[in-house]
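Hi,

Here is the structure I promised to pass on.

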Amino acid sequence: MAGTSCSILSFRSNFRTSWLVFDTHRGGNMSGKPFKRKHLAVRAEVNFVNAEEAKNLIAVEGYAVLDVRDKTQFERAHIKSCYHVPLFIENQDNDFGTIIKRQLHNNFSGLFYGLPFTKPNPEFVQSVKSQFSPQSKILLVCQEGLRSTAAANKLDQAGYGNIACMTSGLQSVKPG
């Protein structure tokens, strides 16, 4: 077998951004058939920002704000002119397993804190696609930063490349 083959898989990450680059280089020939040199680079980037950096992304760089909290939290308070697509929706299923889980949820903390019993929104990515193109600049926000990170992962897998998340969520934003 004549020729060479080389694959490089690198992953770089810091607190601000993460990306994955995969390069494949092949050359030479095998069994009399020449190989072509190929280059494949996949780069996905999610920026993790604090509240002040988020304000800059909105004001200067034109990011749209997408609130991924559930409906009840969004109705209590939200950023003006933001979009709302919940990552989780209220679970109204009545199968036996869901009834048991709902009862446990209500007994432990759900009713005390006023939290609805939820499940992942199966239409989340499709709802975002109906409002934003994959080239759109989107700032994802939630209450504490956990759901927005999960939403960023889903959107990254769906091909969105300009995504930013607030690390500490809306609890760190001061009104005004």
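**Val68 and its surroundings**

Leaving out residues up to four places away in sequence, Val68 touches Val85, Pro86, Leu87, Phe124, Leu140, Val141, Cys142, Arg147, Ser148 and Ala151, where contact means heavy atoms within 4.5 Å. Before you go further: this is a predicted model, in which local features need pLDDT of at least 70 and side-chain atom pairs count only at pLDDT 80 or more, while totals for chains, interfaces and linings use all residues. Residues are numbered from 1 along each chain as its sequence is written, and side-chain values use heavy atoms, with hydrogens and water left out.

Val68 also turns up in the largest nonpolar core, which has 19 residues; Leu66, Val68, Phe124, Val128 and Leu140 have the most contacts inside it. (A nonpolar core is a set of buried Ala, Val, Leu, Ile, Met, Phe, Trp, Tyr and Cys residues joined through side-chain atoms within 4.5 Å; buried means under 20% relative accessible area, exposed over 50%, and partly exposed in between, with a 1.4 Å probe and protein chains only.) Two or more residues each come from strands S5 (46–49), S6 (64–67), S10 (137–141) and S11 (162–166), and from helices H4 and H5. Helices (H or I, at least four residues) and strands (E, at least two) are DSSP runs, numbered from the N terminus. The largest share of this core, three residues, is from H5. There is a second, separate core of 13 residues, and Val49, Tyr63, Val141 and Leu170 are among them.

Now the sheet. It is open, with five parallel-paired strands in the order S5-S11-S10-S6-S7; two strands pair if DSSP finds at least two bridges between them. S5 and S7 (83–84) are at the edges with a single partner strand each, so one side of each has no neighbour in the sheet. S6 and S10 pair over four bridges, and Val65 stands opposite Leu139 in S10.

On to the helix pair: H4 (residues 124–131) and H5 (residues 146–157) pack at about 70°, with axes 10 Å apart. (Axes are lines fitted to C-alpha atoms, for helices over the stretch in contact, and angles run from 0 to 180 degrees between N-to-C directions.) Phe124, Val125 and Val128 in H4 meet Ala151, Lys154 and Leu155 in H5.

Last one: Ser168 sits in the segment after S11. Its relative accessibility is 25%, so Ser168 counts as partly exposed. Beyond four places in sequence, Ser168 contacts Gln143, Glu144 and Gly145.

Cheers
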